[in-house]
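Visitor: I would like to learn how to read a protein model. Please take it one feature at a time.

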Amino acid sequence: MFIGLGVVFLLAIVITISLGGKGRGPMMNSTLGESYQNSLALEQEWPDYGIGDPYVMRYNGLYYLYCSTKDFRVGVKAWSSSDLIHWKYEGLATEEPLTVGAYAPEVVYWNGYFYMYTSPAGKGHYVLRSESPTGPFTIQTENLGLSIDGSVFIDDDGKWYFTHASAKGIIGHPMSDPYTMTEEKALNTNMGHWTEGSMIIKRDGKYFMTYTGNHVFSKGYRINYAVATDSPIGTYNVPDNNPIVISTKQDFNGLGHSSSVIGPNLDAYYMFYHNLIGHSKEGPPVRRLNMDRIVFNGEKMAVLGDGTHFPQPVPRMPDFYDGINKPLDQKLWDVRVKGDETNWLSSKATDKTDKSRFTAEYNFRLNMENTREGETTFETVFSYTDDNNYKVVGVDPALRSIALFEMKDGKKKQHAISELPQSMDFTKLHTIRVESDAGSTKVFFDQMNKLTVTDITAKSGKIGYTYRNVKPTLGFTAFSKEASGSSDFETAKPVPGSIEAVHYLEVRDQGFHVGHPVNGAVMREDDGVPIQTSEDGSNAVAIAGKGDWLSYRINVESDGTYGFDAMLKEDGNEDTVELQVDGKSQRFELGNSQSEGNQWVKKHIGNMKLTKGEHILTVKLVKGKLNYRFLDIYRVTELPTEKLSHLFSQIVPEDMYGKWMKHEDGYTVQTEGSDAKMYAGSDEWTDYRVEVDLKSTADSIEEAGLLFRVTNESEFPEQVRDSFMGYQLTFRNGRMILKRMNYDQNEVASAPLSLAAGSTVHIAVDVSGATMKVYVNNSKQPALEWTDANAWMHGKIGIRSASPSWLFTNLSLVRR
């Protein structure tokens with residue numbers, strides 16, 4: 001038990017890359033430790049169906065998992081876990097006859113009751129209630145309608161909100177009570193087609209909504225998120241790093257319908273979702289359970305690895321905890337009784353580390369019999385050093401309020417007080433959570449942030465309880481040396497994947513080094529690392545001292561060659577940066593800016609070989625400055641030096657979607673107005689020149705397109721038509737239009753193209769780094785040129801057509 005605290009483009013940049021140990025970088029232990037791997041198998045899953053639409057909620061130190069019910073079966077299954085890895089089957093939480101084929105059950109706890117929301121067979125919602133998370137839940141309402149995938153969010157003021165699926169995006173409703181949804185509001189969280197599986201969490205005053213689309217049986221089922229600051233059903237901003245979970249690989253696809261929950265260490269967040277595999281006897285795919293780590297950076301949320309399918313570190317437990325499914329163990333506590341007052345203090349010595357943060361959680365219920373109004377006190381204790389120096393959160397059952405007090409040198413001072421909902425029943429279980437760091441102390445009551453003060457900050461000390469004239473039942477109690485997302489720093493980042501610049505490792509001269517520390521950073525203030533908020537709401541690092549470095553723990557999926565990209569801000573200087581990986585080093589010069597000055601642009605640094613397992617990646621500044629938001633690391637396959645011709649002959653049927661017709665040395669589609677696509681090559685191709693001959697055999701209003709840097713392609717009748725990520729050069733009505741594709745389309749540049757019926761044009765597209773150049777009929781000058789500030793940097797090639805009047809021939813490719 002440990003208690004307490006200790007707790008764009010750069011001009012002529014030169015980068016050296018090398019992963020962990022030798023040289024002047026940090027030497028750190030690089031073992032993954034105990035791990036798990038998606039997908040997870042649970043006992044007593046629905047036979048020939050699995051775990052679909054998983055929802056995980058946390059109550060009194062335990063997690064409870066619910067999932068959709070197999071069609072034509074009755075009841076909702078439930079599992080419990082203390083660590084998110086080992087799950088115990090708890091049986092059917094309800095056997096109500098109306099729960100046949102119950103879709104996406106979700107459960108919230110409020111004031112002694114558990115409320116379940118589900119839409120049996122997708123035919124409208126019912127609310128069920130129980131006094132236990134494992135049931136029995138009984139139906140409390142008539143059919144409320146409101147489509148499917150209902151989800152409830154309770155805000156800090158105790159107001160309830162309900163969101164659900166629709167073809168026009170997620171719909172939100174205020175709630176007047178747990179059973180009543182009022183006027184609807186269409187939210188701007190729409191995936192271009194059917195959108196479902198919404199959930200809201202609140203973190204640091206921001207509402208993060210996750211949602212899924214478009215069809216549950218599509219390989220391209222995926223998870224997006226959006227951020228609001230005004231209201232849980234207010235105006236959402238949809239960040240650029242969407243989707244945050246997607247994979248259309250043959251062995252891992254259809255990732256979606258998620259729920260998010262805080263992890264066992266009281267700080268980390270995890271996302272649960274399902275994937276698709278094979279087919280059940282009744283036809284639809286079987287679903288499997290998955291879990292991945294969520295990280296945050298300002299207004300940015302990310303799922304590490306975009307959905308992983310290789311070993312990851314298991315969630316960490318708190319540094320101290322007691323009371324999981326049992327009474328508190330008095331051997332772990334110093335219990336003192338004096339008259340009508342009782343004190344519980346954690347018995348271990350104060351933690352001596354220098355981390356200026358902690359999170360503590362207390363669960364309790366009060367026996368209010370024979371209590372005297374005004375004489376009853378119940379307090380949760382933290383930062384206790386002696387009887388004259390500690391802090392408490394006091395609960396006043398009569399006034400329905402909580403207050404934050406500090407005892408300093410024997411004098412007690414109230415810092416803040418907040419009312420609680422007047423309906424609170426203190427004989428039911430409630431939770432107090434204290435998050436404290438160098439900037440503030442926050443107090444949550446039943447997950448509602450009720451108090452925030454800046455004049456009390458984190459300090460070492462024991463935790464405990466003190467109470468007078470009341471008999472409480474003390475539940476799960478825990479302490480963690482993490483707070484405010486600090487555990488995002490040390491966790492291993494999956495590769496392939498992205499790494500936020502601000503998520504460098506801790507401990508000066510082990511996880512980071514700055515020769516001249518600065519003041520005023522927007523996060524991690526004590527480190528002295530220059531960190532400021534950038535235009536997208538995320539935080540970026542700007543190191544400027546020769547020899548300064550930051551390190552990151554990475555977990556590499558497999559041996560291979562990997563590409564390194566960075567989102568950089570131009571400064572016009574000649575900079576030299578070294579990346580260390582196991583002592584190996586390479587040097588890369590980054591070319592001149594292709595964009596206007598002072599802009600953020602993704603830049604390809606270079607490629608290097610990595611080996612499977614955990615490593616320490618170090619970014620070291622040798623000369624100049626480095627201002628970056630994040631790194632992208634991904635597998636690459638080097639193209640041969642010779643030109644790859646006749647690629648149409650190498651395309652397999654699995655990569656052809658729609659009705660194509662072989663014609664001469666190429667392809668046309670069979671039907672006017674159809675939408676057909678075909679793909680060639682590898683997701684791991686990076687810079688190349690793709691060429692094709694395009695003939696217009698007749699006039700048509702329909703489009704044709706040349707595709708490049710395509711990843712995560714899919715096809716399903718009931719989803720968006722633009723079902724891939726990458727770029728499309730579109731030909732239409734005497735123009736060529738460059739579109740950025742992300743399961744939608746965004747026109748970014750265009751140029752005229754003369755192509756009369758019966759004529760053929762030769763099109764070549766050069767993609768190098770973030771810049772694309774289009775050449776027509778072997779011209780030396782590009783007819784169209786564009787630099788994508790947040791470019792897709794690798795992927796397949798392909799073609800797309802909606803009319804038989806377009807004939808594609810001579811598809812070829814050469815590396816750049």
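The dialogue below goes through a sheet, some salt bridges and a single residue.

Guide: This is a predicted model, in which local features need pLDDT of at least 70 and side-chain atom pairs count only at pLDDT 80 or more, while totals for chains, interfaces and linings use all residues. Residues are numbered from 1 along each chain as its sequence is written, and side-chain values use heavy atoms, with hydrogens and water left out.

Visitor: What is the order of the strands in the open sheet of seven strands?

Guide: Strands of a sheet pair through backbone hydrogen bonds, either parallel or antiparallel. Here the order is E52-E53-E64-E55-E60-E61-E62, and the pairing is antiparallel. Strands (E, at least two residues) are DSSP runs numbered from the N terminus, and two of them pair if DSSP finds at least two bridges between them.

Visitor: Which strands stand at the edges?

Guide: Strand E52 (660–663) and strand E62 (784–787) do; each has a single partner strand, so one side of each lacks a neighbour in the sheet.

Visitor: How many bridges join strand E55 to strand E60?

Guide: Eight bridges join E55 (residues 688–696) to E60 (residues 760–768). Arg689 stands opposite Asp766 in E60.

Visitor: How many salt bridges does the structure hold?

Guide: Side chains of opposite charge can pair when their charged atoms come close. The structure holds 48 salt bridges, each a side-chain nitrogen of Lys or Arg within 4 Å of a carboxyl oxygen of Asp or Glu. In one of them, Arg800 pairs with Asp675, with the closest N and O atoms 2.9 Å apart. This pair links distant parts of the chain, 125 residues apart: Arg800 is in strand E63 (residues 796–801), and Asp675 is in the loop between strand E53 (666–669) and strand E54 (676–680). Lys677 also forms a salt bridge with Asp675, at 3.4 Å.

Visitor: Are Arg800 and Asp675 buried or exposed?

Guide: Both are buried, that is, under 20% relative accessible area, where exposed is over 50% and partly exposed is in between (1.4 Å probe, protein chains only).

Visitor: Where is Asp322 placed?

Guide: Asp322 is in strand E26 (residues 320–322). Asp322 is buried, because its relative accessible area is 3%. Its side chain makes a polar contact with the side chain of Lys326 at 2.8 Å. A polar contact is a pair of N or O atoms within 3.5 Å; within protein, one must be able to donate a hydrogen and the other to accept it, and residues adjacent in sequence count only if both atoms are side-chain atoms.

Conventions: Helices (H or I, at least four residues) and strands (E, at least two) are DSSP runs, numbered from the N terminus.
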